[in-house]
Every structure is written in structure tokens, then in C-alpha cells.
Amino acid sequence: MVISGVFASLGAIYLLAVAGPLSAIDIREHRLPNKFVLPAFPIIALGFILASFSENSWQQTLFALASSLVAFGIGLLINRYGSLGMGDVKLIAATTLALAWFNLFAPVLALFIGLLLAGAVVITLLIIGRTKLSQAIALGPYLLLGFAVTQILTWSWYFGGLEPIFFR
């Protein structure tokens with residue numbers, strides 16, 4: 001169980017490693033470059049393949065893939081009819097894929113944390129007059145922060161440490 005979890009963590013480790021540059025670029029340019037986001041998919045896939053071969057966790061891999069496809073599909077709809085950028089859609093799909101292998105609820109928690117943080121910041125900026133409702137925000141840093149917090153909780157739960165009630 002531990003060795004497959006280590007392999008399955010490869011993509012999450014990559015996403016955490018590029019979170020800083022991704023956040024900085026998104027804040028500065030309001031975009032999440034493919035050169036940082038897209039490599040997450042083959043890295044995650046490699047980790048999942050190694051995990052599945054090491055301890056026969058193919059079912060977890062299939063559930064994670066299905067969850068990521070659902071998240072990507074919903075993201076595409078929001079992109080088409082709302083105001084979610086394609087970089088955010090791809091980032092949500094990647095973080096969902098990385099998290100869902102460990103726990104199917106984890107991507108929901110990560111998205112909730114990210115959107116809650118973004119909403120709190122936007123409301124604060126609106127109150128103090130530093131932004132307007134018509135202005136776009138860089139959502140990537142909040143999504144990545146929600147991912148980081150959730151991934152740490154997930155690892156702690158999976159590898160036998162802290163056991164948050166929502167992962168039971």
C-alpha cells in the first residue's frame with residue numbers, strides 16, 4: 001500500500017513543485033502556461049501505472065481517471081458558458097487526477113478550499129475598493145493552494161497519520 005502511494009504521488013509532487021511559478025505567472029499574466037500544466041498528465045499517468053503494477057491498484061487508477069474526465073467536462077462547460085479560463089480547466093483536471101487516486105472526495109475538498117479562498121479575497125478586495133466585479137482574478141494560485149492543503153491531508157491520511165473525518 002505504501003509503495004503504490006509513493007508512485008501515485010509523483011504527479012502531485014510535480015504539481016507542488018511548479019505551483020510557485022504557475023501562481024506567479026497567473027497573477028502577473030492571468031494565464032496558466034501549458035508548459036507547466038500539461039506535463040502533469042504524463043507524470044501522473046506514469047506514477048499510476050507504476051502504482052498499479054506494484055500493488056494492483058488499477059481500480060483506483062480508473063476511478064481517478066473517470067473523476068478527472070468529469071472535472072474536465074464540467075470545466076469545459078463553465079469555460080464555454082461562464083468565465084473559467086482553459087488553463088484553470090486543465091489545472092482542475094490535473095489536480096483532480098492527482099488527488100482522486102487517494103480519495104474520491106479529495107478533489108471536491110481541494111476545489112472547495114480554493115474557491116472559498118478566492119471568494120474571500122475577492123469579497124475583501126471589493127469591500128476595500130481595490131477591485132470591481134467586472135475584473136478577472138487569477139484563480140490558479142487559489143486552486144493550487146486548495147490542492148496543496150488537500151494533498152497534504154490526503155497523504156497524512158493515506159500513509160497513516162492524521163485521519164480527517166471527511167476521509168473516512
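This is a predicted model: local features need pLDDT of at least 70, side-chain atom pairs count only at pLDDT 80 or more; totals for chains, interfaces and linings use all residues.
**The α4/α6 pair**

Start with helix α4, residues 40-55, and helix α6, residues 86-100. Their axes sit 10 Å apart and meet at an angle of about 10°. As for the hand of the crossing, it is left-handed for α4 and α6. On the α4 side, the contact is made by A40, F41, I44 and F48, and on the α6 side by K90, A93, A94, L97 and A98. Sorted by class, this contact of α4 with α6 has 8 nonpolar residues, 1 charged residue and no polar ones.

Looking at α6 by itself, 14 of its 15 residues are buried, so the helix is mostly covered, with buried meaning under 20% relative accessible area. The span of α6 from first C-alpha to last is 21 Å, close to the 21 Å expected at 1.5 Å a residue.

**The α7/α8 pair**

Now for α7 (residues 106-127) and α8 (residues 140-158). What angle do α7 and α8 pack at? The value is about 140°, with the two axes 7 Å apart. The crossing of α7 past α8 is right-handed.

From α7 the contact takes in A106, L109, A110, L111, I113, G114, L117, A118 and V121. From α8 come Y142, L143, L145, G146, F147, V149, T150, L153 and T154. Divided by class, the residues joining α7 with α8 are 14 nonpolar and 4 polar, with no charged ones. Spacing is worth a thought when reading such lists: an α-helix has 3.6 residues a turn, so residues three or four places apart point the same way.

As for α8 on its own, its 19 residues reach 26 Å from the first C-alpha to the last, close to the 27 Å expected at 1.5 Å a residue. After α8 comes G160, with a positive phi near 95°.

**Single residues worth a click**

Beyond its neighbours within four places in sequence, G140 is in contact with D26, L32, D88 and L91. The C-alpha atoms of G140 and A71 are separated by 15 Å, and the two residues are 69 residues apart along the chain.

F112, in helix α7, counts as exposed, because its relative accessibility is 52% and exposed means over 50%. Between the C-alpha atoms of F112 and S156 there are 19 Å, for residues 44 apart along the chain.

Two other residues have a positive phi without being glycine: H30 and N56. H30 belongs to the loop between α2 (10-29) and α3 (34-37), while N56 is in the loop between α4 and α5 (58-81). Here is how they look next to each other:

| Residue | Phi | Relative accessibility | Class |
|---|---|---|---|
| H30 | about 55° | 44% | partly exposed |
| N56 | near 50° | 61% | exposed |

Key
Residues are numbered from 1 along each chain as its sequence is written. Side-chain values use heavy atoms; hydrogens and water are left out. Axes are lines fitted to C-alpha atoms, for helices over the stretch in contact, and angles run from 0 to 180 degrees between N-to-C directions. Helices (H or I, at least four residues) and strands (E, at least two) are DSSP runs, numbered from the N terminus. A crossing is left-handed if the near helix is turned anticlockwise from the far one by less than a right angle, and right-handed if clockwise. Contact means heavy atoms within 4.5 Å. Ala, Val, Leu, Ile, Met, Phe, Trp, Tyr, Cys and Pro count as nonpolar, Asp, Glu, Lys and Arg as charged, and the others, Gly among them, as polar. The expected span of a helix is 1.5 Å times one less than its number of residues. Buried means under 20% relative accessible area, exposed over 50%, partly exposed in between (1.4 Å probe, protein chains only).
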